Amino acid sequence: MYASAGNFTIGISCPEPPLSTFLAKIIMSLNAPLNRKLRMGIVGGGLGSFIGRVHTVAAGLDNRSELVAGAFSSNPERSRNSAPGYGVDESRAYGSYEAMLDAESRLPEDQRIDFVSVTTPNHTHFEIAKAAVEAGFNVVCDKPMTFDLDQAEQLLKTVENSDVVFALTHNYTGYPLVRQAREMILGGELGEINAIRSQYIQGWLRDKLEDDDQKQASWRTDPSKSGAAGAFGDIATHAYNLGRFMTGVLPETVSCSLKSFVEGRKLDDYGTAVIRYENGALGTVTASQISHGRENDVEIEIDGTKGSLKWRQENPNELHYRQNGKAHQIYTRDPNAPYMHDTAAASCRLPSGHPEAFFEAFANVYAAAFDDMAKRAEGTTIDRKKSLYPSVHDGVEGMYFIQQCVASSQDNAAWLPLKHPVARV
């Protein structure tokens, strides 16, 4: 940890053991009690995909899983052509998710996939995830979970009627110092939470890229594929989820204003929501995709009666802690430092000073889901409301957030309810 006052910064070094806690755990037991890699099937991730490739790298980062099958594209030829880039045999490169689920279900138990990663555009998530759950496969789904709230609530019922593990990749919850902040807040180190300010600021849609058929822009700005919201569905959900994950404070009502600043764009590219929380706290969520020069600026500040925290994704290995009248403190990501809480330390793979970031955070979501997949294989009942990884309940809450923000904006920023019955603390 670093304590800074004025222009001075004091570093406290800690001795490094030969192997981190995280890596030692992996080496000692590979998905115990299975004692083998989990077999992954992916839907999406074809040639030119961004998020599909991120999922496969993250899932395999700790050598706990291997990609063995995929419906990489709804075009059978494109799916086959994508398979070699992932090292997947052509016989398990399917032309549709239905074909993959059917064929894999018929394979012997020691060969079929253990889980399905859904990495396709929003409007397809529901049908794929629901079919995978009904076939008995664990699911890791990209966010937002579904196209709308009705689908999300239907999917929740399907998951609850099964014993599968369902994880949602709100990947920012996987950063070690986000988990450190969560443990500090839930442990009372900030006192009563008064304010939560979160933002996700980008600039890549300042120009109307969808008119040039840019793949990522085309579907994200299309209401038939993205859903009711643009920037607020795509990135504000991350900012909102961070506040919920780190504080556990339940929302009460929301007032939101959304706008599309690029002429002719059908969905919002900028917006701000004001949130009233049940404990009396106030919050703001701001999202932009039209701010010049901004890349992926996810930032959250949390004010409590005892102190305040600030974390920024573009500098993820530092967590700022402030108290009036005291030197500002900067917690660095150091798994061997005495100030690190167990969950945060166990989320690190490297000693301090070696940066960990996006892929590792994504992999931490997978790692927590893998732990539950192994427990399920052993016959242990999984408590979905207590999982470290974002669950189907968080997916429903995210869709409710989108729905209520859009409805509020359409009604001149009217205050609307925001607490969904399945929201977890």
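Analyst: Ala, Val, Leu, Ile, Met, Phe, Trp, Tyr, Cys and Pro count as nonpolar, Asp, Glu, Lys and Arg as charged, and the others, Gly among them, as polar. The model is predicted, with local features needing pLDDT of at least 70 and side-chain atom pairs pLDDT 80 or more, while totals for linings use all residues. Residues are numbered from 1 along each chain, and side-chain values use heavy atoms, without hydrogens or water.

User: How do the residues of the lining of the largest cavity divide by class?
Analyst: A cavity is a set of points on a 1 Å grid over the protein atoms alone where a 1.4 Å probe fits but cannot get out, lined by residues with an atom within 4 Å of a point. The structure holds three cavities of 30 Å³ or more, and the lining of the largest consists of Thr237, Tyr240, Asn241, Arg244, Asp394, Glu397 and Gly398. These residues divide into one nonpolar, three polar and three charged.

User: Which element gives the most to the lining of the largest cavity?
Analyst: Two helices (DSSP runs of H or I, at least four residues) each give two or more residues to this lining, namely α13 (392–410) and α10 (231–247). With four residues, the element that gives the most is α10.

User: How is α5 oriented relative to α6?
Analyst: Helix α5 (residues 125–134) packs against helix α6 (residues 149–160) with axes, as lines fitted to C-alpha atoms over the stretch in contact, 10 Å apart and at an angle of about 10°. Because angles under 35 degrees count as roughly parallel, α5 is, relative to α6, roughly parallel.

User: Which residues of α6 make the contact with α5?
Analyst: Contact means heavy atoms within 4.5 Å, and the contact of α5 with α6 has five nonpolar, three polar and two charged residues. On the α5 side stand Phe126, Ala129, Lys130, Val133 and Glu134, and on the α6 side Gln151, Gln154, Leu155, Thr158 and Val159.

Technical notes
On a 1 Å grid over the protein atoms alone, a cavity is a set of points where a 1.4 Å probe fits but cannot get out, and a pocket is an open set with protein on both sides within 12 Å along at least five of seven lines; lining residues have an atom within 4 Å of a point. Grid points are joined across faces, edges and corners, and a volume is the space filled by probe spheres set on the points. Axes are lines fitted to C-alpha atoms, for helices over the stretch in contact, and angles run from 0 to 180 degrees between N-to-C directions. Angles under 35 degrees count as roughly parallel, over 145 as roughly antiparallel, 65 to 115 as roughly perpendicular and the rest as oblique.
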